Amino acid sequence: MIETVGVVGAGTMGIGIAQIAAQNEHQVIIYDHSEAQLEKAKLGLEKVLNRLVEKERITDNERKKIIDRMVFTPKMSELWPCGLVIEAIVESIEIKHQVFQSLENIVSEHCILATNTSSLSIASIGASLKIAERIIGIHFFNPAPLMPLVEIIPSIQTGEKTTTVCKNLISSWGKTVVLCKDTPGFIVNRVARPFYGEALRIYEEGMADFSTIDWALTEIGGFRMGPFTLMDYIGNDVNFAVTESVFKAFFYDPRFKPSFTQKRYAEAGYFGRKSGRGYYDYDDVKLNPKPQTDKALGEKILNRILCLLINEAIDAVFMGVATSKDVDLAMTKGVNYPKGLLKWGDEIGLDKILKQLQNLFDYYGEDRYRPNPLLRQMVKENKQFYE
Ligand SMILES: NC(=O)c1ccc[n+]([C@@H]2O[C@H](COP(=O)([O-])OP(=O)(O)OC[C@H]3O[C@@H](n4cnc5c(N)ncnc54)[C@H](O)[C@@H]3O)[C@@H](O)[C@H]2O)c1
């Protein structure tokens, strides 16, 4: 039984994770090396909890109890009673190594040490520990208290007990837990790459403009946001950096090749909403072109992006990254896709997906369109992901 949860880093993710743990009746100790950040995080959390009381999601008494369960500290040594510590500091392997080494000297030998990293390998973080069986990835999505999905990533060093305890604990917090191999991008950030990459490619080929591609994906496909609106929302600088890091981490597999269009937008400072301009203009929305609402063109765009997404989801299953059920759960709960991609593939017909990918592959001769072997096999055997 884990009573006390420690959180290292009181930034965007850390404070959200601390809130979830405290709402689930854990004592929570939040450590950050910056006192100013601790103060800021505490004030921010108080505001969030006050809003929850106003909206009648929690009572004022519950709000008080949540606050009482939390300790904010600039001293790492105060983390000693924790049964689990979740690290959410800067994305730097050197700094994470230092922090985990210091942490190991403070907590008991039974304490599980987790990282919320988005892009580093769990094995590389675990390498800094004396007891490496206790390392695990617990990857929350932003904003952590609202997003239902959590990816749990055991590395090659992780003990079975560590994984079981974390799976059960995070599920008991009301989260949808998926289990995932320690591979670049885990599930969501790997499988979602073509949503951006193929949309950019379609634009670069001159097949359609940003607004038409977004229209096809939202109006015909049922996605909540089109790829260009979403990239502007995430920030082109951030999205490009993730794309580049996944590409490198996959040893430059051409399936994950970044786009020059996005690189130029990031270089120009056209980050998206936060800079007032990205693929769209946010200062003067009248300047944004209207989509070309041609249904045949829209379906062509949607099908092309969808085929690549489904191929990527199949690859995650083929490579043992996650089960088909978890891949579908991850994309619906982590990035709000209207349907699980494998279920969607079944509905469209895996033979049709294979045919379209084969046509693209024959036309372009590029590896990014190569159909996955599992897809070929399933079509040959007339199989589906769901019966
Ligand atoms: N922001 C996201 O959308 C998101 C989503 C999932 C995972 N992540 C991952 O979560 C982690 C944190 O991201 P974030 O966006 O919350 O970052 P952030 O910059 O908002 O917060 C990081 C916090 O860590 C503190 N910190 C830095 N170095 C420290 C040290 N040596 N000791 C103690 N505290 C230290 C900083 O003072 C800061 O408060 C990263 O690994 C990131 O990849 C981020």
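Me: What should I keep in mind before I start?

Reply: Residues are numbered from 1 along each chain, following the sequence as written. Because the model is predicted, local features need pLDDT of at least 70 and side-chain atom pairs count only at pLDDT 80 or more, while totals for chains, interfaces and linings use all residues.

Me: Into which domains is the protein divided?

Reply: Domain bounds come from an automatic or database domain assignment. Here there are domain 1 (4–179) and domain 2 (187–387), and their C-alpha centres lie 31 Å apart.

Me: How many residues of each domain are in contact with the other?

Reply: Two residues are in contact if their C-beta atoms, placed from the backbone, lie within 7 Å. By that rule, 10 residues of domain 1 touch 11 residues of domain 2. Strand 7 (149–153) and strand 8 (176–179) are the elements giving two or more residues to the domain 1 side, and strand 8 provides the largest share, 3 residues. That side has 6 nonpolar, 3 polar and 1 charged residues. In this count Ala, Val, Leu, Ile, Met, Phe, Trp, Tyr, Cys and Pro are nonpolar, Asp, Glu, Lys and Arg are charged, and the others, Gly among them, are polar.

Me: Where do the numbers of strands and helices come from?

Reply: They are DSSP runs numbered from the N terminus, with helices being H or I of at least four residues and strands being E of at least two. Strands pair if DSSP finds at least two bridges between them. In this structure, 8 strands form an open sheet with mixed pairing, in the order 3-2-1-4-5-6-7-8. At the edges are strand 3 (70–73) and strand 8, each pairing on one side only.

Me: Which strand is joined to strand 7 by 4 bridges?

Reply: That is strand 6 (residues 135–140), which runs antiparallel to strand 7.

Me: Is Ile152 buried or exposed?

Reply: A residue is buried if 20 or more other C-beta atoms lie within 10 Å of its own, exposed if 12 or fewer, and partly exposed in between, with C-beta atoms placed from the backbone. Ile152 is buried, because 24 other C-beta atoms lie within 10 Å. Leaving aside neighbours within four places in sequence, the contacts of Ile152 include Ile136, Thr163, Ile170, Val177 and Leu179.

Me: Which strands does helix 14 lie across?

Reply: Angles run from 0 to 180 degrees between N-to-C directions, using axes that are lines fitted to C-alpha atoms, for helices over the stretch in contact. Helix 14 (residues 324–334) lies across strand 7 and strand 8, at about 135° to strand 8. Since 8 of its 11 residues are buried, helix 14 is largely enclosed by the rest of the structure. The buried residues include Val327, Ala330 and Met331. Among the elements covering the buried residues are helix 13 (295–318) and helix 15 (341–348).
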